[in-house]
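Here is a short report on one chain.

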Amino acid sequence: MARIAQPTNLELQALTVLWHHGPSTVASIHALLPDRKQRAYTTVLTVMQNLERKKLVKRKPLGRAHVYEPSHPRDMVIRQATVDFLTNTFGGRLGEAVLAILSAGMLTPEEKTNIERKLEQHKTMAAKKTTKKVAKKAPAKKAAPAKKAPAKKVAKAAKKAAKVVKKAAKKAVKKMAKSAKKAPAKKAAKKTVAKKAAPAKKVAKAATKAAKVVKKAAKKAVKKVAKSAKKAPAKKVAKKVAKKGAKK
């Protein structure tokens, strides 16, 4: 695409009027210039003629007057003007340019929202570009073709594997045979211990039972002795009374 002629500051103001208000006459543009400076009508007319020569506007007759309209979309002209401004004023440093523009005035809530949306789009685009670059730099590695082993090596490896398996099987059989032999011996030993332990348990049980019987009998004997001890004095008194009565 051919480069668009760069408008001057005043020409850019005139274009801004056309973008916002649509096709306009020189008188309307003169009244609506953003900087509101006092200028002669002829000055604005010269500006519009220069824009027409640069092919930035088109002129159409409307009765005795002429109406001007922009030849290019706003974004196309502004993008080029912004790039030139960024390069000439800030050396291409976008961050510095944005901060300088933001410090020039206050943003409306709608403008803030639009800027945030644009920043989010910028972030997404940057992430996509990074992913594409990484994908280009690191192409997928092709798997190296497997080398075919010679037939002799394969046969040798198979024999070796068979020997290992056979050896492991023999060991497993021997281990199982040993455990089978030990099992009955263990059972017999358990039975012997149980038989020997049984009489001892019975003796202990009988002794405990006998001790309980003896204890119970001893308690009864003690109670009986105590009772007889209490009754003995009473009997003696009765005997004495009986003797005295016989004497009288």
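Which pattern does the chain follow, read along the sequence? The pattern is α-α-α-β-β-α-α-α-α. That comes to seven helices and two strands. Helices (H or I, at least four residues) and strands (E, at least two) are DSSP runs, numbered from the N terminus.

This is a predicted model: local features need pLDDT of at least 70, side-chain atom pairs count only at pLDDT 80 or more, and totals for chains, interfaces and linings use all residues. Residues are numbered from 1 along each chain as its sequence is written, and side-chain values use heavy atoms, with hydrogens and water left out.

**Chain totals.** The chain has 248 residues, and 12% of them are buried. Buried means under 20% relative accessible area, exposed over 50%, and partly exposed in between (1.4 Å probe, protein chains only). Take the contacts between residues at least 6 apart in sequence: 48% of these join residues at least 24 apart. Contact means heavy atoms within 4.5 Å.

**Helix pair.** Helix H1 (residues 9–21) packs with helix H4 (residues 74–90). The angle is about 155 degrees, and the axes are 11 Å apart. Axes are lines fitted to C-alpha atoms, for helices over the stretch in contact, and angles run from 0 to 180 degrees between N-to-C directions. H1 and H4 are therefore roughly antiparallel to each other, a term for angles over 145 degrees. H1 supplies Leu12, Leu15 and Trp19 to the contact, and H4 supplies Arg74, Val77 and Ile78. Five of these residues are nonpolar, none is polar and one is charged. Ala, Val, Leu, Ile, Met, Phe, Trp, Tyr, Cys and Pro count as nonpolar, Asp, Glu, Lys and Arg as charged, and the others, Gly among them, as polar.

Strands S1 (residues 57–62) and S2 (residues 65–70) run antiparallel, joined by six bridges. Strands pair if DSSP finds at least two bridges between them. Leucine 62 stands opposite alanine 65 in S2. Two residues lie between the strands of the hairpin, and glycine 63 takes a positive phi near 70 degrees.

Most residues other than glycine have a negative phi. Arginine 36 and lysine 55 have a positive one. Both are exposed.

| Residue | Phi | Loop | Relative accessible area |
|---|---|---|---|
| Arginine 36 | about 60 degrees | between H2 (26–32) and H3 (41–53) | 59% |
| Lysine 55 | about 65 degrees | between H3 and S1 | 64% |

How values were computed:
Angles under 35 degrees count as roughly parallel, over 145 as roughly antiparallel, 65 to 115 as roughly perpendicular and the rest as oblique.
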